[in-house]
Amino acid sequence: MWYERSSKLRVAPSGGLSVGGHAAAGVGCDALHRWRAALAALTALAWLVGAAPARGQSTEAPGRPAECIDAAAAAVAPRSEGVRDNVPDGLAPSDWSSIRAAYEAGRHAVSVVDGVHRARNPGQGWALRFDGRGFEAAPEGARGEPGSDGSGPGSGSWTWGLELIGYGREGSQRAVSGAACIEAEGQRVSYRWDNMLTEWFINDPRGVEHGYTVNERPEGAGPLRIELAVRGGLLPRVSEDGCGVVFAHAGGGAVVNYAGLKVFGADGKAAPARFEATGAGLVLTVDDGGSRYPLTIDPVAQQAYLKASNTGNSDVFGNSVAVSGDTVVVGAELEDSSATGVNGNQADNSAANAGAAYVFVRNGSGNWSQQAYLKASNTDAGDQFGSSVAISGETVVVGALGEDSSATGVNGNQADNSSTGSGAAYVFHRNGSGTWSQQAYLKASNTDSSDLFGLQVAVAGDTVVVGAARESSNATGVNGNQADNSAMNAGAAYVFIRDGGGNWSQQAYLKASNTGSFDYFGSSVSVTGDTVVVGAEGEDSNATGVNGNQVNNSATDSGAAYVFVRNGSGNWSQRAYLKASNTGAFDQFGRCVAISGETVVVGAYGEDSSATGVNGNQADNSASNSGAVYVFSRDGSGNWTQQAYLKASNTGAGDEFGTSVAVAGDIVVVGATGEDSNATGVNGNQADNSALVSGAAYVFTRDEGGNWSQRAYLKASNSEASDRFGTSVAVSGDTAVVGAYLEDSSATGVNGNHADNSATDSGAAYVFTGIGACAADFNGDTSVDDFDFFDFLNAFNASDMSADFNGDTSVDDFDYFDFLNAFFAGC
């Protein structure tokens, strides 16, 4: 569990946090110079903050057996005014970022002081003490700080903590006595109580992570019980659903608030759990009857709340989102500034609805910051730049569906605005110093007014796909006749490729095999490797499944999706025509599509069944527009079959489950913008529908047998009616991003105040981490060992998409280094 002062709780999978970042493959002359400068700066930084123990200071705790000690490598840094954010001369931004990460790690490290393990959490303003029985926290420097000579909480002060009393089944509890064997290294402390139970803590900028790993199933009958005593003067108040506890002063003021209790077995399946208040403190009960051990508690949490750097009314920040590794892109298609290019002037709002996109990056400590503010090279009112965004590695693509130029192809004339609403897409590239620049301006090969080229974009490596849902040619298949516009709003998609010199060209013009007016082919696009998926939400056939009859158009707006594959010569062909297993009129199957490796996910937000969960009853259409999602899998022969039919755990009419979808490996995230519950955070109460159209997102995971199950139910930390959380979703590794384009707060930047709703429909995006199983468990056998390393290496060397570790739809050195980071971190 993440203990944060008046904020949300998060618990990562057992084994600790996976630290992001990329290692260097080699060191050349320039790199060597930079690393020497980095070493000098790091040495100076360590001296500045006191990151090394005093000479002769022991990190061993007296009285502990030597085999129990794995002492911290760095002492706790004293409070400082921080380190300047500008990059020192002679250092690359990436090197300085690494130094800053080391600085943060030092500030949060655990050390032994006067025989006791201690740490600081500067972000929370806490002093922490770990004594082998439990832990205590108090405001730093306050009377009553743990271990001080104060008499306890004074005016405005407090101490608080938890202590393990025992665990097991009713009637066969294992009481713990004495102090546990303590292991401490860096920011992590572990208590080894016995061979069955380990308690652990991780102190980092987001709070104090506290969890239990139960390695074997305890003997006896009934639920597993973990009994805890509460230390200090704060009183626990358990929420009605048992999933959260508030710790407050006797007078009622909340100090520590955490929620979203969830327990998972080794197979990723959830086990029912709840907190209960007792006279002595708390009991955590877990119904582990169907669980595979070891158990992990609360592996999902909101990591960041993102707002624009120039938040404004009706900007709809979050209407589109994308993520790759440690980089997030958020679109705000109605932003109004007249700036052009990268990091221009945000203040002049003279270009109404011109649109913008924002790039955020996460450092090694898990902290997010805005890296870039992107605008079109030809900003104009009404262009809606940011209507779609996509990212792959160092490449970002931004769509502007309202752009008006009559240019065609790549880098044409942007000045002639005679094709209203023709649309455009813009490619940006990040160099090794973290600086972004526009690389290409993309237009259709048959630009025409109102085609909405850029409505959707996708990118994988050196391939970009752009959808134009209102293109009107009657061509079919690949590279057909673009000139006959007799099929109004049939739609098209365009494939562009980049050569080794960074130059882009159009490779293919894609149309449906059954082109029809108002099919809106290109209303969604996705790409991985040599496979593209295109959705056509207005397609009308009554076919079901894969490659059915396209001719009978008796199911109006039922929708379809089309799979295209590129061969070794760069030629594209259609390989599959996908329909729902329960095709129905107005279901709009294909409103959103996503692909990862051999898995395609298609959303149908207008589907009407009242089923819940996975593979439920599709026949009862009593929940109008509740929505559904369909998962398709490709076998080794290239044949596609439907693998799962996904519904929300709380299906309701008008929820529009399937408004947005994302997939990475064995994880699917689904947005439902019409969902109504007033829950907040992770796995909250779904039953109280008093926040109409607040929106939700759902995380599903697939086990090694190909079976899907819902893993998490995500809500905004500030859920409110009409926010439409789930408008957009993205996933990479164990990180999910969810957009809420009608959120109203006036906050700016990262983790600002979301309480002041004075910026109507400004929009927000939310980052969640820990949504998947242990990332380094590559072979899915629930343990991280050498077999995972060699299995990953084999896949990597074969360029198999299963080795796309960071989910950026390409297999490259970044995947290799990210996997190594996770592997050596234990998860």
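A: Buried means under 20% relative accessible area, exposed means over 50%, and partly exposed is in between. By that cut-off Phe135 is buried, because its relative accessible area is 0%. Keep in mind that this is a predicted model.

Q: OK, and which aromatic pair is Phe135 in?

A: Phe135 pairs with Phe201. The geometry is edge-to-face, with 5.5 Å centre to centre and 65° between the planes.

Q: What about Phe518 and Tyr520, how are their rings arranged?

A: Edge-to-face again, with 6.4 Å centre to centre and 65° between the planes.

Q: Are those two buried or partly exposed?

A: Partly exposed. Phe518 has a relative accessible area of 39%, and Tyr520 comes in at 23%. Tyr520 is over the 20% cut-off, so it doesn't count as buried.

Q: How many aromatic pairs turn up overall?

A: Searching the whole structure gives 31 aromatic pairs. There's also an aromatic cluster made of Phe130, Phe135, Trp160, Tyr191, Trp193 and Phe201.

Q: Which residues have the most contacts in the largest nonpolar core?

A: Phe130, Trp160, Leu164, Val189, Tyr191, Phe247 and Val286, in a core of 41 residues. Phe130, Trp160 and Tyr191 are in the aromatic cluster as well. A second, separate core has 22 residues, including Val682, Ala697, Ala716 and Ala747.

Q: Switching to sheets. What order do the strands take in the one that has E22?

A: The order is E22-E23-E24-E25, an open sheet of 4 strands with antiparallel pairing. Strand E22 (317-324) and strand E25 (368-374) are the edges, each pairing on one side only. On average, neighbouring strands are turned by 25° against each other, ignoring direction.

Q: And how many bridges hold E22 and E23 together?

A: E22 pairs with strand E23 (residues 327-332) over 6 bridges, in the antiparallel sense. Within E23, Val329 stands opposite Ala322.

Q: What about E40, which strand does it pair with?

A: Strand E41 (residues 640-646), antiparallel, over 6 bridges.

Q: Glycine I'd expect. Which residues have a positive phi without being a glycine?

A: Asn615 has one, at about 60°, and Val693 has another, at about 55°.

Q: Why flag those?

A: Because most residues other than glycine have a negative phi.

Q: Where are they, then?

A: Both are in loops. Asn615 lies between strand E39 (599-604) and strand E40 (628-634). Val693 lies between strand E43 (667-672) and strand E44 (696-702).

Q: Is Asn615 partly exposed or exposed?

A: Partly exposed, since its relative accessibility is 48% and exposed would need over 50%.

Note on methods. Residues are numbered from 1 along each chain as its sequence is written. This is a predicted model: local features need pLDDT of at least 70, side-chain atom pairs count only at pLDDT 80 or more; totals for chains, interfaces and linings use all residues. Side-chain values use heavy atoms; hydrogens and water are left out. Two strands pair if DSSP finds at least two bridges between them. Helices (H or I, at least four residues) and strands (E, at least two) are DSSP runs, numbered from the N terminus. Axes are lines fitted to C-alpha atoms, for helices over the stretch in contact, and angles run from 0 to 180 degrees between N-to-C directions. Buried means under 20% relative accessible area, exposed over 50%, partly exposed in between (1.4 Å probe, protein chains only). A nonpolar core is a set of buried Ala, Val, Leu, Ile, Met, Phe, Trp, Tyr and Cys residues joined through side-chain atoms within 4.5 Å. Rings of Phe, Tyr and Trp (its six-membered ring) pair if their centres lie within 6.5 Å; planes under 30 degrees apart count as stacked, over 60 as edge-to-face and the rest as tilted.
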